[in-house]
Amino acid sequence: MPQQPLLRVALLGLGAIGARVADGLRNGAAPGAVLAGAVVRTPGAATARGIAELDLDDAIASSDLVVECAGVLAARELGPRVIAAGRDLLLVSIGALADPADRARLLDGPGVCRLSSGAIGGLDLLRAATRDGGLARASLTTTKRPEALVQPWMTETERAALLGLTEPTRILTGTVQDAIERFPSSLNVAVALAAATGLWDETEVRLVADPSAPHTEHVIEASGPAGEYRFAAANAPLPERPASSGIVSQAVLRGIADLARPGGTFV
């Protein structure tokens, strides 16, 4: 039997998640895939780790798949260029899909934009349930430690109030668009839920700051004619980046492995 060619992977971003994905690729955690290089914001950041440093055009030309690990703003800016060039993209910062115009640029091809499941599960079941109007509403309640929720737009007073909380406190109730605009590093899950269900306007997002929370918790609820659904995940946060869950890099590597060797994967 002829051997399958290796899936060449270029990373967009080499921060907390991207670095773990790079290490996994170099250590064989995604059989059938090989790391081609990385696009980084700071010159020398990739070469210092022994990784080929690429500009975006080089990344597109030298890879079969570009994996975005650079955050919502970078995904909005650079992701459409990958897709327009006809290269496939694995999107980790799914918050980039919140704006309809950005969504169209990312999803309308000619390249294929694939979405990482990230920190939650159950999206495959919800995608099935939403067919033929099977779901009417959905909600997400996310709980994180206050220090993971500090944002650049907050005033000193707001930051101090958030970090001074002594009990669980809801700090946001709003739409998917509200959530990703105000907390872009913390609520990609909200956009993933809306992308899976198509309930962009019917999904309510709640964000709770809990100073005693040992894990980052996501609780998804959805209902409609197809049934009632509830999923909960409690993930350990990344030590170096508490706004993200440690499981995200593993989800990305699992996705790359499935694309490289698709036999036996769930669809």
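Some ground rules. Residues are numbered from 1 along each chain as its sequence is written, and side-chain values use heavy atoms, with hydrogens and water left out. Because the model is predicted, local features need pLDDT of at least 70 and side-chain atom pairs count only at pLDDT 80 or more, while totals for chains, interfaces and linings use all residues.

Let's start with the open sheet. Five strands form it, in the order β2-β1-β3-β4-β5. The pairing is parallel. Strands here are DSSP runs of E with at least two residues; helices are runs of H or I with at least four; both are numbered from the N terminus. Two strands pair if DSSP finds at least two bridges between them. Which strands sit at the edges? They are β2, residues 33-39, and β5, residues 113-115. Each of those pairs on one side only. From one strand to the next, the twist averages 25 degrees. The axes for that are lines fitted to C-alpha atoms, for helices over the stretch in contact, and angles run from 0 to 180 degrees between N-to-C directions.

Look inside that sheet. β1, residues 7-12, pairs with β3, residues 65-68. Four bridges link them, in the parallel sense. V9 stands opposite L65 in β3. As background, strands of a sheet pair through backbone hydrogen bonds, either parallel or antiparallel.

Now β8, residues 203-209. Why call it largely enclosed by the rest of the structure? Because six of its seven residues are buried. Buried means under 20% relative accessible area, exposed over 50%, and partly exposed in between, using a 1.4 Å probe and protein chains only. β8 has two partners to look at here. Seven bridges join β6, residues 137-144, to β8, and these two run parallel. There, S139 faces E204. Five bridges join β7, residues 169-174, to β8, and this pair runs antiparallel. T173 stands opposite R206 there.

β11, residues 237-238, and β12 form it, with two residues between them. They run antiparallel, over two bridges. L238 stands opposite R241 in β12.

On to helix α9, residues 247-260. It has 14 residues and reaches 20 Å from its first C-alpha to its last. That is close to the 20 Å expected at 1.5 Å a residue; the expected span is 1.5 Å times one less than the number of residues. The buried residues of α9 include V248, V252, L253 and I256. What covers them? The cover includes β1, α1, β2, β3, β4 and β12.

β5, α5, α8 and α9 each supply at least two residues of the lining. Which element gives the most? α9 does, with six residues.

Last stop, R49. It sits in the loop between β2 and α2. R49 is partly exposed, with a relative accessible area of 33%. Not counting residues up to four places away in sequence, R49 touches L14, A19, D23 and R26. Contact means heavy atoms within 4.5 Å.
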